[in-house]
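Please look over the model below before reading on.

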Amino acid sequence: MGPETRRFVLIVTCLTGAIASSITSLQHRGQHTCNAVHVVNEFFITAAACLGHSDPPTITLVSSELAHKVRCNVTQYQRHPKYVFLNHNLAVVQAQCEPEAAPEGRTSISDASESDDLLTLLGFGGSLQEVSTRLKLQHCSVCQKQYEVFDCKRQMCVKPAGNDFRKRSNLNGLAGAGLYNQHGELVGIVSYGFAGASYVAERVSYYGQFLQSAMKSFKDAVGANNPTSRG
């Protein structure tokens, strides 16, 4: 085992121990479709394309059986206002979780930098298997050549590193999965990727204003429906 592999194993061990319950399977009528990442309180983020035209009551968020069990029913969601197909592919989800199984803490968010040469993807695959994969951060020009539309400011261009390239040839079920740096900070969520090409991830830090706005609008809506809560 080389030093790079040992480093990856150490990072994954720390990450999975700290944030296992933050990664959830986004399910439509009990069937895994994508992933969603807990941000804070009752709020999660996922790829906007994962939500389709589904009614919130048909969507649940479920964590790994091995982690602190999380099961939440989605009450509402909001896609980015500029979302069109895979552009601005991010959404905020509000969910009501079982009291004894609500996700804890707050997820630290950061931007990927040049020093983050290796990132860690954590999520659930198509058959609900837990996935932890090393991803190498590439220059944005690589994805600009591979895809018709790629925005360097809001997206990241990544590919599986080393032996993980052979193990992870597609993104089946992994949309919405989290990308973390070596400090355990969330830097992106998986958006899309085609066989034999790089993966595209949305930079979570780019969407900070949208995240705050969406969460505030959800809270305001609850307050409007429950006037007594406003004092």
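Twenty residues is the size of the largest nonpolar core, in which V37, I45, V92 and L211 have the most contacts. Such a core is a set of buried Ala, Val, Leu, Ile, Met, Phe, Trp, Tyr and Cys residues joined through side-chain atoms within 4.5 Å; buried is under 20% relative accessible area, exposed over 50% and partly exposed in between (1.4 Å probe, protein chains only).

The most, 5 residues, come from α4. Because domain 1 (23–106 + 208–220) and domain 2 (118–205) both contribute, the core lies between them; the bounds come from an automatic or database domain assignment.

Beyond four places in sequence, I45 has contacts (heavy atoms within 4.5 Å) with residues including V37, V92, L186 and L211. Another core, of 19 residues, lies apart and has A36, L51, V70 and C97 among its members.

P57 sits in the loop between β3 and β4 (59–62), and is exposed at 71% relative accessibility.

The average pLDDT, the predictor's confidence in each residue from 0 to 100, is 83 for the chain, and 79% of the residues score at least 70. Over residues 4–16 pLDDT stays under 50. Where pLDDT is low, predicted coordinates should not be read in detail.

Residues are numbered from 1 along each chain as its sequence is written, and side-chain values use heavy atoms, without hydrogens and water. In this predicted model local features need pLDDT of at least 70 and side-chain atom pairs 80 or more, while totals for chains, interfaces and linings use all residues.

Terms used: Helix = DSSP H or I, 4+ residues; strand = E, 2+ residues; numbered from the N terminus.
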